[in-house]
Amino acid sequence: MIFFKFDRRIFQHFDWMLLGLVLCVCAIGTLNIYSTGFSASEGQSHFYLKQIQWIALGLIFMMVIFFIDYRVIIQGAYVIYGVSIVFLVFVFLFGYAAHGSQRWLGIGGFAFQPSELMKLVIIITLTRYFDDHKSNEPYKLKELSVPFLIVVAPFLLILKQPDLGTALILIILFVSIVFFMGVDWKSLIIVLAGGLISMPIGWHFLKDYQRERLITFLNPENDPLGTGYHIIQSMIAVGSGEIFGKGFLKGSQTQLKFLPEQQTDFIFSVFAEEWGFIGGLVLIIMFIAIIFWGLKIALQARDLLGTIIAFGITALISWEVFINIGMVLGILPVVGIPLPFFSYGGSAMLSLLAAIGLLMNVSARRFILQR
Amino acid sequence: MEKRHNLLNGQEPAEFRQKLKIVGSVLLIALSLLLVRLGYLQIIRGAEFKQKSENNSVRFRNLKPLRGLIMDRNGIVLVDNRPSFDVLYIPNKNKGNELSIEKLKNLYRNKSLEFLYDQSISKTAKPYLPIKLEKNVSMEKVALIETNALDLPGIYVDVSPIRLYLDGEMLAPVIGYTGEISKEDLENSDGKYAYGDILGKHGVEKYFDAYIRGRHGAELVEVNVYGKEIKNLGRIDPVSGYNIVLTIDADLQKAAGEALIGRAGAAVVLDARDGSVLAMFSAPSFDPNLFNSGISYEQWDKLQKNPLSPLSNKAISGQYPPGSTYKLIVAAAALEEGIITPDTKVLCNGSFTLGNRTYRCWNKHGHGYVNLHKAIVESCDVYFYTVGKMLGVDKIAQYAKRFGLGGIAGIDLPNEKGGLVPTKEWKLKRRKSPWQMGETISISIGQGFNLITPLQLANAYSAFANGGTLWRPHLVKYIESTDGKIYKEFLPEKEGELNLSPKTIEILNSALWGVVNEPGGTGHAARLLNVEVCGKTGTSQVLGLPENEKARRAKRLAAFQKDHALFVCYAPLKNPEIAVAVILENAGGGGAVAAPVARKILDAYFNGKKKLKSTQVIAHQQLPEKLKN
């Protein structure tokens, strides 16, 4: 098989720049997690060690995916999709809950969140579909119904957990990729209208407390305390960092544990408090660099497959960065979306490093594939 | 070998290039927006936020809801709420609040008040989560803290509702009590509870907690350096819980409680017509108000270690051998199976021999020739040994199960026990040994493996009394919302049918009447002059059947080895209204000890209301005392 044949050229075109940028963000993120777990009176918690383990495991994942030609991976997209859906159903049936949401599957002592993986799987699956259905014309309703169903199934399963942030990301990815492929405006309006109409039906499937969360999400005023409190504390933390920050391990909002979800969704406010505007600027510029590198890979890919994959992954990273930081800075509603490579969390780290592996895969093979 | 050419045969590559460039510009703008916002927060408003972060001025306060009231069937409030004043402390490390506790101790000392909190503040305490220093403090302490508030940064008084059990011990094991959520419950609660939540720990409070609890409110306030609120940033009002209306009649409950005073055991009064619980008393009881302000370790230890286990509701979780009260079931089985007729006679000469073992009748002189009626009225054991042996254990079990024994009755309370109805299969499975005929002999007079709860006993006789309908006993009549509207009503639920022929019922009914009303009947002490009572006594042995009855009687038994006294009855004879079961632990004979207790309850039910008006009842009251002698 040609796809597995060792080819020196994939090393010649190995994307050191992308890997370097991502590892940089991961490293700063781990230091930051170290800071959240650090407390003068209690010593150090183990979060950062776990994060290092996840990064190491993620790098192995990344390399494995890098070596398998992305065309082979896309060939298996529907199978991967099916398996992931089965995982989500498992979560629904046997998964265990934490913080009021049933998201985790226990696999050999590890807690795994299939919904995080689903983000990447959706990109692969939609790529496969659009590659199979190339068209000169903007896509119409009929052609969009299948990708719509592909996204709706995991969307509902994840909404049920409930994990609104991840569910939202799936829809955003769908819309982004569909836009990118070109869409017939009338069809798009019909799809959106259909979505709006089907909402009340989905409403019936939700439990009372799930509905409450949705209401709170759509209307944060409804819960001025829970999320309102988070946002206020987050803004105080960020703002108090001023230009140069309070210094590593010195953020008082963080050290006094005022911040909710410090290691995960609100990790950026910890960073901004301790490193100030300078730190925040550097980090956001690094994210911009990763994103533009991703767009460059999409631009240079030698086939449509590569372009869609690279675009999808870049879209995922961009949206997550934008929504997460926007939420922490109080300009977007609070949804549970982690900051890529930065937030504490194994499943997200694994999926994202796998995504980077795929991105490097496309990047390295841009000269290999014949037109 | 596959070699696919992925020609861009769709849109022109240039088109995607164009799109990617647009995407890039949009992203650049969006991410720059984040930088602008970051700059605004950190550079323009930085100083303001820095000051706020130093003051930790935003505080989150939980507003506890009022738990629903619990009332009796006539709307008499049994459980209410009252305000409790707690002293809270916020361990803000920035401001030397540690000194406040010392100051508070000094203030107390000057007024010779005791400071009860002797733990050190945990280092893991979150600075925005207040720590409870003292619960349920006196008004004197509240006044002291309020007047010295400026000297005590970090310390303040919080008002929250706590339970007030107006009937004290009367219903404690049934209604239960409340307390702060335990660590394990919190971890298993799936986010539905929060730290410091009050929840029902036992009985009705636990079973209906979801309804009674109500919903938390909360508020977000900005406070000044002294911890005084200066601005309310948001508030959600708490929602009071639903009220629970019990089927319990408070007056009857009181009568049952008074009748059982000084005893260990339980009494259950059911409405024979629909299975609603009119009274349920478990003795000894406890004061549920102890748990309100956090029970002290000594008090808890005392309650836990009390051998009479006051915390458990013996009416539903105490399991006892049914003794002779079981004879109704054996008799019904024998009649229905055609093994005996009312005229079948058995000679009782005081004992029954099987193989080389002798089983004694409680009357060592023997009853002579007895038919079914006499066997029940005088509770002849030999008659039932004979009949039981003919029936066999599995047939008896089959009928016992129809009477609702051997499985929980399904009352709306936690921790109900199901008792035990042995069968051959059960013994082989659980005890790994085959059934012995001798065990059937014991079973037929309600000894041996048999176990029942007082509730099951009352329910079985209630089913018999009403002509054969086994109801699911229930304690809650309805749940009402705070504005008094019925939110959820609990209608009687049929659990099963006895399926006894009218003839069988008639024969046994008359025998049970005889137990209380005929000369020689063992349940004489339960007799009422104006109401016809039917019942059955029971005396269940705590020790196994002894070889030598005489030696056992002669020996002074230790208190815990004495027999349990049982009495179960229903009244009136025609169209029975209530069924009463009384079990007194280690109290002696059922007829002598339990029947008089049941009589007091029956008297309260049938004559209680009249007593207030008429004087002639006094004569009634005195008469049964004579009967007892």
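**View 1. B:Lys432, an exposed residue with 7 other C-beta atoms within 10 Å.** Exposed means that 12 or fewer other C-beta atoms, placed from the backbone, lie within 10 Å of the residue's own, against 20 or more for buried and partly exposed in between. Phi of B:Lys432 is near 55°, a positive value in a residue other than glycine. The residue sits in the chain B loop between α16 (424-431) and α17 (437-443); helices are DSSP runs of H or I with at least four residues, strands are runs of E with at least two, and both are numbered from the N terminus. The model is predicted: local features need pLDDT of at least 70 and side-chain atom pairs count only at pLDDT 80 or more, while totals for chains, interfaces and linings use all residues. Residues are numbered from 1 along each chain as its sequence is written, and chains are lettered from A and ligands numbered from 1 in the order in which they are written.

**View 2. B:Asn499, in the loop between β20 (493-497) and α19 (502-517) of chain B.** Here phi is near 55°, positive in a residue other than glycine. B:Asn499 is exposed, with 10 other C-beta atoms within 10 Å.

**View 3. The hairpin of β18(B) and β19(B), with 5 residues between the strands.** Strands β18 (residues 476-480) and β19 (residues 486-489) of chain B pair in the antiparallel sense over 3 bridges; pairing requires at least two DSSP bridges. B:Glu480 has B:Ile486 of β19(B) as its bridge partner. B:Gly484 in this hairpin takes a positive phi near 85°.

**View 4. The cis peptide bond from B:Ala283 to B:Pro284.** Omega is near -10°. B:Pro284 lies in the loop between β12 (277-283) and α10 (297-305) of chain B.

**View 5. The cis peptide bond from B:Ala571 to B:Pro572.** Omega of this bond is near -10°. The loop that holds B:Pro572 runs between β22 (564-571) and β23 (578-584) of chain B.

**View 6. Packing of helix α3 (residues 47-67) and helix α15 (residues 346-364) of chain A.** The angle is about 30° and the axes are 8 Å apart; axes are lines fitted to C-alpha atoms, for helices over the stretch in contact, and angles run from 0 to 180 degrees between N-to-C directions. α3(A) and α15(A) are therefore roughly parallel to each other, a term for angles under 35 degrees, with over 145 roughly antiparallel, 65 to 115 roughly perpendicular and the rest oblique. Contact residues (C-beta atoms, placed from the backbone, within 7 Å) include A:Trp54 and A:Phe61 of α3(A) and A:Met349 and A:Leu353 of α15(A).

Key: Contact = placed C-beta atoms within 7 Å.
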